[in-house]
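Dear colleague,

Please find the structure below, as a handover for your work. My notes on its surface and its charged side chains follow.

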Amino acid sequence: KPRVRILDEALQKMIAVVTENGYLTTRMITKLFSKIDYSEKSLQKKVKEKASELNLESSGKAKASIYDGTKVNTGKTKRGEGINIVMEIEGRCGTEKRPGLNMRIINVQVGKAEESLKGKINTDKVLCDGERGQKRLIKEANPNAVIYRCHWHIPRTLGHYLYLDGIHIKQERAKIINKIKSIIYGKETYVLQKIRMKTYENILR
């Protein structure tokens, strides 16, 4: 079979499709539109080559770090493959009405969060989901790190623990979760707004 040379522009589009759909689906789409049967193994090799070009080194300017986990589509399992990312917060951007953060990815782990983070947690303030494995890895990498919980994950995780605690009726769990949500996301008093903003400022110092 003759070798097929992929142009960089086409490769970028194929990587984007891989990210959303996995290697098998990307192969089928590529074959459908270009009549070229590019194997999953060859696609994976190209993705790894591009990934190796990324600069994942710390800039040394970070104020805090985020250690976050999510799932990506791989076609192997229904829920996808786990991926854990360490990002450093280098400062703020945007406007007062639409604030944002300047972030830099410095580490990516595919699969379970088991790989050492030594040399990847360079700040004393780390925001994470609160998973047990994450906390252990953060403390191993930086024993002095102060771990902040992501408030979005608190009510989501609570449902699981309420079930383990014997509250098996979904509606009953929802009542408790909604009360927690009202505390986290409800209308804040002036004092609570000040506390929230003060915490935010402390993280970025």
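Is Arg136 buried, partly exposed or exposed? Arg136 is partly exposed, because its relative accessible area is 41%; buried means under 20%, exposed over 50% and partly exposed in between, with a 1.4 Å probe and protein chains only.

Please note that this is a predicted model, in which local features need pLDDT of at least 70 and side-chain atom pairs count only at pLDDT 80 or more, while totals for chains, interfaces and linings use all residues. Residues are numbered from 1 along each chain as its sequence is written, and side-chain values use heavy atoms, with hydrogens and water left out.

Salt bridges

Side chains of opposite charge can pair when their charged atoms come close. The count is 2 salt bridges, each defined as a side-chain nitrogen of Lys or Arg within 4 Å of a carboxyl oxygen of Asp or Glu.

Arg136 pairs with Glu140 at 3.3 Å, N to O. Both residues belong to helix H4 (residues 132-141) and stand 4 residues apart, about one turn of the helix; helices are DSSP runs (H or I, at least four residues), numbered from the N terminus. Glu140 is partly exposed, as its relative accessible area is 43%.

In helix H6 (residues 170-185), Lys175 and Glu172 are 3 residues apart, about one turn of the helix. The closest N and O atoms of their salt bridge are 3.5 Å apart. Glu172 is partly exposed, at 35% relative accessible area.

Exposed leucine

Leu32 lies in helix H2 (residues 23-34). This residue counts as exposed because its relative accessibility is 58%.

Yours sincerely

Methods
Helices (H or I, at least four residues) and strands (E, at least two) are DSSP runs, numbered from the N terminus.
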